[in-house]
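Hello,

Here is the structure for your files. My notes on what turned up follow below it.

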Amino acid sequence: MADNKLQSLIEIFNERFFRIPDFQRGYSWEINQLEDFWEDLLNLKDEKIHYTGLLTVEPISKSSIQNIEKWQDDLWLFERDLGAYYLIDGQQRLTTSIILINEILALFDDNEGINFKEKPYWVNKFLYQSYGEKYKSYIFGYERDNPSDEYFKTKILGQESSTADKVPEQTLYTSNLKVAKKFFHKLLVKLDKSELEEIFKKVTAKFKFNFYEIDDELDVYVTFETMNNRGKPLSNLELLKNRLIYLSTLIDMDKDTRMRLRKDINESWKTIYEYLGKNKDNAMDDDEFLRNHWIMYFKYDRKESASYAKFLLNKKFTAKNAIKGKVDFSDIKEYIDSLSSCVKSWFYLFNPQFSKYEDETKEWIQKLNRLGMSAFPPLFMGAMTKHDEKEFLPLFKSAEQFIFLVFRLTQRPSNTKNSHFYRLANMLYFGKDFWGQGETTIDKVIGNVQWETQGESGEGEEYIYHGWFDLSKFETYMKDQFDRGEGFYSWNGLRYFLYEYELYLQDNANGNQKVTWSDFNKRKKEDTIEHIYPQTPKDECWKTRFKGHARKERKRLLNSLGNLVLLGQSKNSELQNKCFDFKCRHENKEGNEVGFFNGSYSEIAVSSYPDWTPTEIRERGKLMLDFMEERWDIDLKGWEIEKEDFLHLDFLNEETME
């Protein structure tokens, strides 16, 4: 075992080179951790040292890697008497240090000195060594089959690719490397050479690490699982990769098969992180993907619903199971192949704009993202992986109807039928028996979702309604909202419904989109949904048009569906209480005509009314309910509900409307 005294990077990198092994995660530090690292540097006094943490390493013998292809370009370093090490813990701190060192050195010319050594000396010590034109090896980096390896060499250290014309793939981890490089560069270019030398001295000589070599009897894979990195604990997905590589060393198989499986695991995780980080503006969560895949891939059990990681790491993929033959080569291979294929579907489910799907398919996926997918993501992921879009699009439409009718109208608890749809995902993915009805097909799944929504059987006295949609429950819910004085304005489905109504009017007008969901959804409610008859109707025009109605009735009119309009853009709050004709069209301070007449399609439709009274509120509300009935295939009369009652305007009759 090596001496465990505190060592600086100058001492640690003395005749040593380091590789981040394939079972390690990539670079996971983000801005918060980088800022902490930088603050530690700035706050370090000249006469002090800073304890930076533990570096746990595993020595690598030349004999253990000399026949491995990915090591061939580095074998010559052994001839220079450099010792090789796998970095087991401390990767984040050490990677950050090397990025900082590289950025400092980049600001000096080759003939300039840094702390009494010329720049090439430091490059040779911390970054890479060369011998003629034939050999060039990196002192610190990733194993060659790691997706971060090529990126680190070319994009971070600025070296030529070792593989001609190969473009390093972007992943969550490579994005973090890029962020770190930009972070330090932005800070360093503001400093003069003496200040740069001071920072260089601190990071290479004053930051001290506890350098620890793992004992031969300690298992490196098990050791890795017990390690955490400062501020960024390992995700379950990262732990799982290490575990599967570990199991590949325990399962009885020949060496070539073992190496092939290990390579396949690395390639699978390369694909997973490529897709999880493909949308740089909306990186996807590791463990959310892993959890949903687990629901789909393994038979869902409500008892284990919150313990997917426990199942994967403590029950399924364990050393005990590998040694006893309960987990073999095919188990791991089939599982990782499923992960790498399903992650693509998972990505497109939340980022359809990156897909090659037809516009209609993209739009329905967007609808589900707007509405919320409830328990359907595992089922969607399986359907997208196993079927083409013509087959799975009807499933999306049926699921959207279920979610809107059951959760937004019926107001059932959010976990309604969760277990059912989770099990359905597993059955569809593997084509298992459909409750004694033969193979599970996507058509059977679609039929089941529809049956769960509004299923019925029998006629006359034998008629039975099986669906989870119950419009009478919405009446009860909405009565409570009106009793609270908020009505439809507080309905949790209002935003989605109004946007769907806007799209309906847009289609009827054959026009271009006036309101995007992203803009509509990010604005405050009061800036996106306006009461046409205002909440503060002080002007005489409103008093005249709504005279004869008691305060409680005016409150109902205010918050009835027909009085709420989706705004194309935020309006000045002072204008929201103005008279109807002013809201429809007026001249602003710049002399331009503005108002409902040139707003969203919903606003334009409102501006076509000659006046705005209780009559218009009722009639527009009925039109919106006509749309609701057609759009989600429901029948108010079938539920014995009058539209005036649904709108809570039952007090309006011929006499009061005169």
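**Salt bridges and other local features**

A network of salt bridges links Glu363, Lys367, Arg370, Glu400, Glu500 and Arg631. Please keep in mind that this is a predicted model.

Lys367 counts as buried because its relative accessibility is 8%, while Glu363, at 26%, is partly exposed.

Lys367 also forms a salt bridge with Glu500, where the closest N and O atoms are 3.0 Å apart. This pair connects distant parts of the chain, helix 17 for Lys367 and helix 23 (residues 494-509) for Glu500, 133 residues apart. Both partners are buried.

The whole structure holds 30 salt bridges. Another one of them joins Arg19 and Asp74, at 3.2 Å between the closest N and O atoms. Arg19 is in strand 2 (residues 16-20) and Asp74 in the loop between helix 3 (62-65) and helix 4 (75-79), so the pair ties together parts 55 residues apart in sequence. Arg19 and Asp74 are both buried.

On the surface, Lys155, Lys178, Lys182 and Lys280 form a patch of positive charge. Lys155 belongs to helix 7 (residues 147-156) and is partly exposed, at 46% relative accessibility.

Lastly, Ser398 lies in helix 19 (residues 389-409) and is buried, at 5% relative accessible area. Beyond its neighbours within four places in sequence, Ser398 contacts Ile446, Val449 and Gln450. Its C-alpha atom is 9.9 Å from that of Val445, 47 residues away along the chain.

Regards

Note on methods. Residues are numbered from 1 along each chain as its sequence is written. This is a predicted model: local features need pLDDT of at least 70, side-chain atom pairs count only at pLDDT 80 or more; totals for chains, interfaces and linings use all residues. Side-chain values use heavy atoms; hydrogens and water are left out. Helices (H or I, at least four residues) and strands (E, at least two) are DSSP runs, numbered from the N terminus. Buried means under 20% relative accessible area, exposed over 50%, partly exposed in between (1.4 Å probe, protein chains only). Contact means heavy atoms within 4.5 Å. Patches are made of residues with over 30% relative accessible area and no salt bridge: like charges are joined within 9 Å, nonpolar side chains (Val, Leu, Ile, Met, Phe, Trp, Tyr) within 5 Å. Accessible areas come from the Shrake-Rupley method with a 1.4 Å probe; for residues, only the protein chains shown count as cover. A salt bridge is a side-chain nitrogen of Lys or Arg within 4 Å of a carboxyl oxygen of Asp or Glu. Lys and Arg count as positive and Asp and Glu as negative; His and the chain ends are not counted. The place of a charge is taken as NZ of Lys, CZ of Arg, CG of Asp or CD of Glu.
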